[in-house]
Amino acid sequence: MDNLVERFLSYVKIDTQSDPYSNSTPSTKKQWDLAHKLVTELKEIGMQDVTIDDKAYIMATLPANTTEDIPTIGFVSHFDTTPDFSGTNVNPRIIENYNGEDIVLNKEKNIHLSPDDFEDLNLYKGQTLIVTDGTTLLGADDKAGIAEIMTAMEYLIQNPQIKHGKIRVGFTPDEEIGRGAHHFDVEKFGADWAYTMDGSQIGELEYENFNAASAVVTAKGKSVHPGYAKDKMVNAIGLLQDFMSGLPRQEVPERTSGREGFFHIHKIKGSIEDASLEMIIRDHDRERFESRKQHVAHLVEEINKQNPGYLSVKIEDQYFNMKEKVTPVMHIVEIAKAAMKSLGITPIIKPIRGGTDGSQLSYMGLPCPNIFAGGHNFHGKYEYVPVESMEKAVATIVKICELTAERSSLS
Ligand SMILES: [Zn+2]
């Protein structure tokens, strides 16, 4: 594992910020810079069948080193960083034997990383932290995941006494703009299941995410002089007001947590003649998700009874809870759990209040839970990663390969 930190530092120094306003894949040309480096490195460590397609999706194989019949498993990470914060000239710093106090990220700009603001730091007293210089993000999301997969593969190649089946590796662009899975060729990848190494705190293991839909409600109105409007005016804004008052006021993001779903209106604009609102609908439970969508459609219908045709709604599904696809193959979660426990890591299993590339991949035929990569405070200047967590992630990958082989030879 000697190369892990060095590897990670070399990746974060390459700017790979993605861009939601670009229609090309990858969304930014600079993502190729790291992609090409990763291809070279995969070949150098001895991976086989290393490919990169015209959209910068990278795949590679570690062939089985036993003739036993073992399922092919995969590990997936993304090499882009969020458009929300600068990833240019990342200047990482290593804090050895962290003393539990404030870390001065940038003296000039007076930027501190403090356990008063980020209590998770207390978990890592005495460990080695990699932090930013306070002007950029770090890029542990998800270059930590890439460094971990690369290092685990190198370790397996150098330690052939550890028996494993065929392992596939996938590195993708544009995850941060929601497109990481879009051009992922699941058939070419050819794995029975995979894990994204894209979680945060050590121990995280996720296989539940939201079911997600978006809705746009559009209202037409009829403008009449307000002094003479009785029984004549139809106010588009008022129709939206009626619609909104039919939504449960407690079921909004700011008042829900855990497995509680919500309706979230995030944009509204309008005049008497035209008004519209945009909202998202979220729920982990598929039945409740469907009834939330029905509720929205029903409200529109009811309001239209008084003013037929003045209100319309367009509801579109965005992604679904991967749990539906993972539950039938629960051993893929059990193996990851067992791997962590055998390494002294307590698995932290909780539902994601969002989606992952793994949720899309799961519905594309590749069941794909998410495992910690170790970093904290993603998407900003306070991002940091403990080296010990990254080392444990490498060990978890190795152990999963090992357990998958053992489990198959037992059955
Ligand atoms: Zn990520």
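In this predicted model, helix 5 passes helix 6 in a right-handed crossing. A pair of packed helices is described by the angle between the axes and by the distance between them. Here, the axes of helix 5 (residues 236–245) and helix 6 (residues 286–306) come within 10 Å and cross at roughly 135 degrees. Angles from 65 to 115 degrees would count as roughly perpendicular and those over 145 as roughly antiparallel, and helix 5 and helix 6 are therefore oblique to each other.

Stepping back to the whole chain, 10 helices and 17 strands are found. Along the principal axes, the C-alpha atoms fill a box of roughly 85 × 60 × 40 Å. The chain has 411 residues, of which 45% count as buried. Among contacts in the chain with a separation of 6 or more, 77% join residues 24 or more positions apart.

The chain is divided into two domains: domain 1 covers 4–208 + 322–410, and domain 2 covers 211–318. Taken over C-alpha atoms, the centres of domain 1 and domain 2 are separated by 39 Å. Where the domains meet, four residues of domain 1 are in contact with five residues of domain 2. The side of domain 1 that touches domain 2 has two charged residues, one polar and one nonpolar.

Definitions and conventions. Residues numbered from 1 in each chain as written. Predicted model: local features only at pLDDT ≥ 70, side-chain atom pairs only at ≥ 80, totals over all residues. Axes fitted to C-alpha atoms, helices over the stretch in contact; angles between N-to-C directions. Helix = DSSP H or I, 4+ residues; strand = E, 2+ residues; numbered from the N terminus. Parallel < 35°, antiparallel > 145°, perpendicular 65-115°, else oblique. Left-handed = near helix turned anticlockwise from the far one by under 90°. Buried ≥ 20, exposed ≤ 12 C-beta atoms within 10 Å, placed from the backbone. Contact = placed C-beta atoms within 7 Å. Domains from an automatic or database assignment. Nonpolar A, V, L, I, M, F, W, Y, C, P; charged D, E, K, R; others polar.
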